[in-house]
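Please look over the sequence and the model below before reading on.

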Amino acid sequence: MTRSRTNTLRTYGVVFMTLIMLSLPAAVTAQLKHRPKVGLVLGGGGAKGAAEVGVLKAIEEAGIPIDYIAGTSIGSIVGGLYAIGYRAEQLDSMFTSQEWLTLLSDRQKKHQYKIYQEQDSVGYVFGFPVIRKGKQNAEETFGMVKGDKVLQLLQSMTGDYDRRPFDSLPIPFRCVAVDINNWKEVVLAGGSLAKAMRASMAIPGVFKGLRSKGKLLVDGGVLNNLPVDVVRQMGADIVIAIDLTQHKHESRSFSLKDWLGIGGAADWIVSRPDITKYNENRKHVDIYINPPLDGYDVTSFNNNSIREMIHIGQRTGKKCLPQLQKLKERLK
């Protein structure tokens with residue numbers, strides 16, 4: 001073989017290998033682009049949200065990539081923090097290290113041994129704020145607890161992510177609230193992440209609503225406690241839902257508004273649109289995870305209960321590992 005022919009073959013070989021190397025990234029990118037997108041839904045349930053942290057440990061163990069997250073109430077807090085990079089072990093520490101009574105009641109520990117103490121126009125009984133003097137806005141008169149300490153904690157944890165559009169977070173995120181002025185669902189996708197999470201967990205009558213752009217926002221669980229529809233709208237092809245609800249109910253088939261011509265809170269009490277949406281959303285879940293939490297409720301914030309619920313969530317997640325591993329294979 002002549003030297004010129006050898007050089008020609010060598011040149012063709014180099015060109016061929018170069019073309020292969022150049023084509024690989026495009027092929028891999030195309031494959032990733034067309035991989036089914038996984039959405040994670042985190043339901044509401046107060047203290048029972050600790051179980052969601054346990055389930056997340058199993059999801060991480062299975063190596064499932066999460067592309068979108070939607071949450072309601074405590075699920076919005078777990079989901080929002082997960083969306084900005086907190087992992088299950090860190091959330092475990094957050095749940096187990098808090099003094100929940102102080103955090104959720106805005107209790108001032110420096111006044112806890114005084115029958116009554118007034119500071120900055122606020123009256124405290126054994127450290128609990130019970131009287132606020134002076135002019136009050138609507139959001140300051142609805143609910144017993146203002147929620148300042150919860151908001152401060154969330155702001156400290158969100159840091160630089162607090163003002164980013166939720167689509168630009170490491171995992172795109174949505175959380176659900178309800179405008180108490182008109183009883184309409186509000187899906188939050190931007191603004192302050194900490195305030196969005198705080199609004200989504202504002203149980204009516206317990207926490208004061210959060211005012212935003214003319215809306216008075218309260219707990220999203222009033223209308224959508226398992227926002228599968230929200231994560232589907234974000235683009236999820238496959239949905240993993242962690243549901244904290246223990247006692248399921250059938251949908252109501254009538255509306256007080258249609259019957260008596262009234263709406264608002266009275267219509268909600270009778271027609272329960274939240275149950276209708278909840279039952280519909282459950283139909284559109286691919287992997288449904290429902291930790292058994294009988295004996296616990298939204299107020300079970302003592303440290304022993306928190307640790308036990310995290311373990312229950314982790315055990316429940318491990319039982320779902322065959323489904324999760326099958327999903328992982330599908331995503332490859």
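## Basis of the model

This is a predicted model, in which local features need pLDDT of at least 70 and side-chain atom pairs count only at pLDDT 80 or more, while totals for chains, interfaces and linings use all residues. Residues are numbered from 1 along each chain as its sequence is written, and side-chain values use heavy atoms, with hydrogens and water left out.

## The chain as a whole

The protein chain has 13 helices and eleven strands. Helices (H or I, at least four residues) and strands (E, at least two) are DSSP runs, numbered from the N terminus.

Of the 332 residues in the protein chain, 48% are buried. Buried means under 20% relative accessible area, exposed means over 50%, and partly exposed lies in between (1.4 Å probe, protein chains only). Among contacts (heavy atoms within 4.5 Å) between residues at least 6 apart in sequence, 72% join residues at least 24 apart.

## Helix H12 and its partners

Helix H4 (residues 88-97) and helix H12 (residues 303-319) have axes that come within 9 Å and cross at roughly 155°. H4 is therefore roughly antiparallel to H12. Axes are lines fitted to C-alpha atoms, for helices over the stretch in contact, and angles run from 0 to 180 degrees between N-to-C directions. Angles under 35 degrees count as roughly parallel, over 145 as roughly antiparallel, 65 to 115 as roughly perpendicular and the rest as oblique. On the H4 side the contact involves Asp-92, Phe-95 and Thr-96, and on the H12 side Asn-303, Ile-306, Arg-307 and Ile-310. By class, this contact of H4 with H12 has three nonpolar, two polar and two charged residues. Here Ala, Val, Leu, Ile, Met, Phe, Trp, Tyr, Cys and Pro count as nonpolar, Asp, Glu, Lys and Arg as charged, and the others, Gly among them, as polar.

The axes of H12 and helix H13 (residues 321-331) come within 5 Å and cross at roughly 55°, so H12 is oblique to H13. Gly-317, Lys-318 and Lys-319 of H12 meet Leu-321, Pro-322 and Leu-324 of H13. Three nonpolar, one polar and two charged residues make up this contact of H12 with H13.

## The buried side of helix H11

In helix H11 (residues 273-282), the buried residues include Asp-274, Ile-275, Tyr-278, Asn-279 and Asn-281. They lie on the same side of H11, because they cover an arc of only 160° around the axis. The arc is that of the directions from the helix axis to the C-beta atoms.

Ile-242 lies in strand E10 (residues 238-242) and is buried, with a relative accessible area of 0%. Leaving aside neighbours within four places in sequence, Ile-242 is in contact with residues including Leu-40, Val-55, Leu-226 and Ile-289. Leu-40 is 202 residues from Ile-242 in sequence, yet their C-alpha atoms are 7.9 Å apart in space.

Ile-312 lies in helix H12 and counts as buried at 10% relative accessibility. Beyond four places in sequence, Ile-312 is in contact with Pro-291, Pro-292, Leu-293 and Tyr-296.

## Cysteines

How many disulfides does the structure hold? The structure holds zero disulfides, a disulfide being a pair of cysteine sulfur atoms within 2.5 Å. Cys-175 is buried at 0% relative accessibility, and Cys-320 is buried with a relative accessible area of 9%.
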